[in-house]
Amino acid sequence: LLLSKRLNFDLKAKLFYIGNGINFGEFNPNFIRMEKPQHSFNIICIARLEPIKNHHMLVKALKVLKEKYKVDNFKCYLVGEGHLEMKTLELIENSHLENNIILTGQLDREDLIKKISECHISVLTSYKEGKPRSIMESLYMGLPCIGTNVIGTNELIVDKVNGFLVPVNDNEKMAEYIYYFYSNPDSLKEFSDRAT
């Protein structure tokens, strides 16, 4: 409003709001709802590798998934630029998750979309968000999402409809929901159908 007054816009001015979104034209239709691999349950987390994205919580949840739920045939792809904190790298090693967690670095758009298409679910464990494109892209590709219940993420994930919301740092609850999708293929499909 202040900017429009300063620029002398009147009531007849045509203003357009350009928000954060995704370009549907970038998505290869062959990748949308592509058949998922059966030998491995694939998880993707698309976020810069920095403390605000809270990858430590995700690694703790995957440790619970492996130790409590006895799931070992999963791959979690951490996609993004930057470097994980030393404590998170040490947790991966101490939890024997080196074969389960793959750091891809930043991917170009085509490779990113292909990687999303190969995954069963998408996760985001941030302490705070704007409007996460990674969740928008994952939902558009038909992936149910599990994310922390923070502003931005909770505007995209509708709890128990297209995914689940969990409290920040509740790695037990995140592990429970990952296991839910892992062990319930029919529910995974239902959530996937409601994702887009």
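I take a residue as buried under 20% relative accessible area, as exposed over 50%, and as partly exposed in between. The model I am reading is predicted.

**Entry 1: Tyr180**

I first looked up the accessibility of Tyr180. Its relative accessibility is 29%, so Tyr180 counts as partly exposed. I then turned to its ring. The rings of Tyr180 and Phe191 are edge-to-face, because their planes stand at 75° with the centres 6.3 Å apart. Tyr180 belongs to helix H6 and Phe191 to helix H7 (residues 185-193), so this pair joins parts 11 residues apart in sequence. Phe191 has a relative accessibility of 5% and therefore counts as buried.

**Entry 2: Aromatic pairs**

How many aromatic pairs are there by the rule used here? I find a count of 10. One of them is formed by Phe164 and Tyr180, edge-to-face, with 5.6 Å from centre to centre and 85° between the planes. This pair links distant parts of the chain, as Phe164 is in strand E6 (residues 163-166) and Tyr180 is in helix H6 (residues 171-183), 16 residues away. Is Phe164 buried or exposed? Phe164 is buried, because its relative accessibility is 6%. I also noted which residues the ring pairs gather into a cluster: Phe164, Tyr177, Tyr180, Phe181 and Phe191.

**Entry 3: Charges over rings**

I next looked for charged side chains over ring faces. Arg194 lies over the face of Phe191, 4.8 Å from the ring centre. Lys115 is placed over the face of Tyr77, at 4.1 Å from the ring centre.

**Entry 4: Strand E6**

I returned to the strand that holds Phe164. In a regular strand, side chains alternate between the two faces of the sheet. In E6, Phe164 and Val166 point one way, while Gly163 and Leu165 point the other way. I recorded all of these residues as buried. Which way does E6 pair with strand E5 (residues 145-148), parallel or antiparallel? The two strands pair in the parallel sense, over four bridges. At Leu165 of E6, I found Gly147 as the bridge partner.

**Entry 5: Ser134**

My last entry concerns Ser134, which sits in helix H5 (residues 133-140). Its relative accessible area is 9%, so Ser134 is buried. Which residues does Ser134 contact once its neighbours within four places in sequence are left aside? I listed Ile46, Ser122 and Leu124.

How values were computed. Residues numbered from 1 in each chain as written. Predicted model: local features only at pLDDT ≥ 70, side-chain atom pairs only at ≥ 80, totals over all residues. Heavy atoms only, no water. Buried < 20%, exposed > 50% of the residue type's maximum accessible area, 1.4 Å probe, protein only. Contact = heavy atoms within 4.5 Å. Phe/Tyr/Trp six-rings, centres within 6.5 Å; stacked < 30°, edge-to-face > 60°. Lys NZ or Arg CZ within 6 Å of the ring centre and 35° of its normal. Pairing = 2+ DSSP bridges.
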